[in-house]
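Work through the exercises below with the sequence and the model at hand. Each task is followed by a solution in steps.

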Protein chains: 2
Amino acid sequence: MRAIEPIPDAMQAAVLHAYDGAPDSLRVETRPVPRPQRGQVLVKMTAAPINPSDLMFLKGLYGVLKPLPVAPGWEGAGRVVATGDDWLSRLLLGKRVACAAPNQHDGTWAEYMLTASARCVPLIDAIDDEAGAMLIVNPLTAWALMDTARRGGHRAFVQTAAASALGRMLLRLSQHFGVEGIHIVRREEQAELLRSMGARYVLNSEAAGFDEQLRETCRQLNATIAFEAVSGMTAAQVLRALPDGGRLVLYGALSESPLMADPRDLIFQRKRVEGFWLTDWLAGRSLLGQLRLARQVQHALGDLLRSEVAGRYPLQEVHRALQDYQASMTAGKRLLVMHEK
Amino acid sequence: MRAIEPIPDAMQAAVLHAYDGAPDSLRVETRPVPRPQRGQVLVKMTAAPINPSDLMFLKGLYGVLKPLPVAPGWEGAGRVVATGDDWLSRLLLGKRVACAAPNQHDGTWAEYMLTASARCVPLIDAIDDEAGAMLIVNPLTAWALMDTARRGGHRAFVQTAAASALGRMLLRLSQHFGVEGIHIVRREEQAELLRSMGARYVLNSEAAGFDEQLRETCRQLNATIAFEAVSGMTAAQVLRALPDGGRLVLYGALSESPLMADPRDLIFQRKRVEGFWLTDWLAGRSLLGQLRLARQVQHALGDLLRSEVAGRYPLQEVHRALQDYQASMTAGKRLLVMHEK
């Protein structure tokens, strides 16, 4: 192990004890600080956001179940303070990085996190740790979805949960790349927010005549792909509205319900349903391609891919952070702040 | 118009008056006999089967809704007794044909049917009208599904409703082509039937431990594609059991329920859901390719693609035929017999 500063034996971490979504099951506790092996780095965490995928993880609804007890948190940023003895890890020593949690062990809601060197992205100077902490999950997903729409030759797309942090990024990217979007929200203030950002086609799914309006707008713009984050009946509604041959890409399940689809859409209208997971998408790219992408995305972080921060909380107040986030996701991200920079 | 015999002005036909599935909505009535125009033929019907797609059509659940009142029936066989004045139609004059109904007008449950010349397949001598009446829907679909599995490089497949006429064809084709199948049925006598046909992997979805057994068998055989005809929760069960990257092809909805799917299968396991419709599949082939296919399939009709007939009914007794078919689809096809050959 190489280190740039003394590594303590113990740390504070939010620790999950049961996948039941009960507040009591998540407790801030003392945990040992692990030591990096070959191919690993120890990140002294600065900040970590709460994302929808974290909420799913707490309830056991995320696609990855880690052995309990475990620290949640899929992404964050900090400084690499110790590494294994291989060249790639050593290159990262002392660097500020955005980092993704490992699939088996403790995540980012802790003072230190051990992860694979390949799951870290060195931050450029223009990006501070707070923005860096929100580099991976939303910006890269938004980028990947836009890439999917453009490579597939789709001239327009539909998206649900359009007022989410990710949805707003997708809106800005679509404006930047000249791909038209149809943005579905559930409340009027969300619709106004998106319109104030210049969105031309915003539909409120709770308004009368929504189904008909969605179908008509899809037809008019030839929106042949949908990015769907709600699942349940929302997926069925959106699939129904797509023109013949339309493609629904599910990347979230905010409703926590099974996806539904009308058999007629699949059988007689050649529509299809697939999923999107950032991990798979990244795995399809070379290490060099991933690094190039990480730089591109960082340069857009201040602008197209920026996240609004609605609140900062010390790790001890993780429950308040979770409550505030669930009460209003549209207001912006909640960040857990572990160490001052 | 050219004709080989006098064409009467009126005929008997089963006529549907409402898409509500009520017995009263289907009545045998007198209808005018239409006259063929350019590109059309008039078929004097010999026989027409009842298929699951007809049951869906009667309830308005099929992908195509025709203006009412209308004669149901998607396929059948008979002799071309009159044609329009174009060369393709004239070639068919006097020929015995298998024929598919038009998407807008009256179908095969009638003494005469007007359809496009391109929707007729001349029957070879070895195939009688009864077998020919069941040439299109099941045999071609089974052939197309097997083709899909083989072209996709799938070494094994799953199928639901495996004891249906189509399911049994798929079993025989899989034995012929050396592709392994996992056959899902709902009753023990169906399982025994398939085992007596030589099926090695037959699972009863009502038996204890079904989910686990299905998953384990899919893993063992690397069954990466499923042909699903039930929809609803059955689709979710099958999708769940497929290995990572598995593909579910929906070609029916016997449960009359929306397809359900676990978001985790789509998002984290790269599984996908699509539909199959014979009409689309055929449209992707040239006319010559379709004719070649029709000959291939006819040569297999006596053997791999044979249908068992469980009962023959005059058109007047269409209600009894429907009741018997719905009471036991596994027993075999019910044929409506319109004219003696």
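Helices (at least four residues) and strands (at least two) are DSSP runs, numbered from the N terminus. The model is a predicted one. Its predictor gives the complex an ipTM of 0.91 and a pTM of 0.91. For chain A the mean pLDDT is 95, and 100% of the residues reach 70 or more.

**Exercise 1. Describe the surroundings of B:His154: which loop holds B:His154, and which residues is B:His154 in contact with, leaving aside neighbours within four places in sequence?**

Step 1. The loop in question runs between helix H4 (136-151) and strand E9 (156-159) of chain B.

Step 2. B:His154 has a relative accessibility of 12% and therefore counts as buried.

Step 3. With neighbours within four places in sequence set aside, the contacts of B:His154 are B:Thr148, B:Ala149, B:Val179, B:Thr224, B:Ile225 and B:Arg247.

Step 4. B:Gly246 is 92 residues from B:His154 in sequence, while their C-alpha atoms are 9.8 Å apart in space.

**Exercise 2. How many disulfides does the whole structure hold, and where is the nearest cysteine sulfur to A:Cys99?**

Step 1. A search over all chains returns zero disulfides.

Step 2. For A:Cys99 the nearest cysteine sulfur belongs to A:Cys120, 5.3 Å away. A disulfide needs the two sulfur atoms within 2.5 Å, and A:Cys99 is in no disulfide.

Step 3. A:Cys99 has a relative accessible area of 0% and is therefore buried. B:Cys218, also at 0% relative accessibility, counts as buried.

**Exercise 3. Characterise the interface of chain A and chain B by its contacts, its buried area and its salt bridges.**

Step 1. Chain A brings 28 residues into contact with 28 residues of chain B.

Step 2. The buried area between the two chains is about 2,200 Å², and carbon and sulfur atoms give 71% of it. A:Leu266, A:Ile267 and A:Phe268 supply 27% of the area that chain A buries against chain B, more than any other three residues.

Step 3. The rule finds two salt bridges across the interface of chain A and chain B. B:Arg270 forms a salt bridge with A:Asp280, with 3.8 Å between the closest N and O atoms.

Step 4. Five residue pairs are in polar contact across the interface of chain A and chain B, both residues being at pLDDT 80 or more.

Step 5. On the side of chain A that touches chain B, at least two residues each come from strand E14 (259-261), helix H9 (263-268) and strand E15 (272-275). H9(A) gives the most, with five residues.

**Exercise 4. How many salt bridges does the structure hold over all chains, and which parts of chain A does the pair of A:Asp85 and A:Arg2 link?**

Step 1. Over all chains there are 52 salt bridges.

Step 2. In the pair of A:Asp85 and A:Arg2, the closest N and O atoms are 2.9 Å apart. A:Asp85 lies in the loop between strand E5 (75-83) and helix H2 (87-92) of chain A, and A:Arg2 in strand E1 (residues 2-3), so the pair links distant parts of the chain, 83 residues apart.

Step 3. A:Asp85 is partly exposed at 41% relative accessible area, and A:Arg2 is partly exposed at 42%.

**Exercise 5. Examine the salt bridges of B:Arg312 and A:Glu189, then name the members of the network that includes A:Arg168.**

Step 1. B:Arg312 pairs with B:Glu130, the closest N and O atoms being 2.5 Å apart. The pair links strand E16 (residues 309-314) of chain B, which holds B:Arg312, to helix H3 (residues 129-133), which holds B:Glu130, 182 residues apart.

Step 2. At 47% relative accessibility, B:Arg312 is partly exposed.

Step 3. A:Glu189 forms a salt bridge with A:Arg187, with 3.1 Å between the closest N and O atoms. A:Glu189 is partly exposed at 49%, as is A:Arg187 at 36%.

Step 4. A network of salt bridges links A:Arg168, A:Arg172, A:Asp303, A:Arg306 and A:Glu308.

Note on methods: Residues are numbered from 1 along each chain as its sequence is written. Chains are lettered from A and ligands numbered from 1 in the order in which they are written. This is a predicted model: local features need pLDDT of at least 70, side-chain atom pairs count only at pLDDT 80 or more; totals for chains, interfaces and linings use all residues. Side-chain values use heavy atoms; hydrogens and water are left out. pLDDT is the predictor's confidence in each residue, from 0 to 100. Buried means under 20% relative accessible area, exposed over 50%, partly exposed in between (1.4 Å probe, protein chains only). Contact means heavy atoms within 4.5 Å. Buried area is the accessible area (1.4 Å probe) that two parts lose on being put together, summed over both. A salt bridge is a side-chain nitrogen of Lys or Arg within 4 Å of a carboxyl oxygen of Asp or Glu. A polar contact is a pair of N or O atoms within 3.5 Å; within protein, one must be able to donate a hydrogen and the other to accept it, and residues adjacent in sequence count only if both atoms are side-chain atoms.
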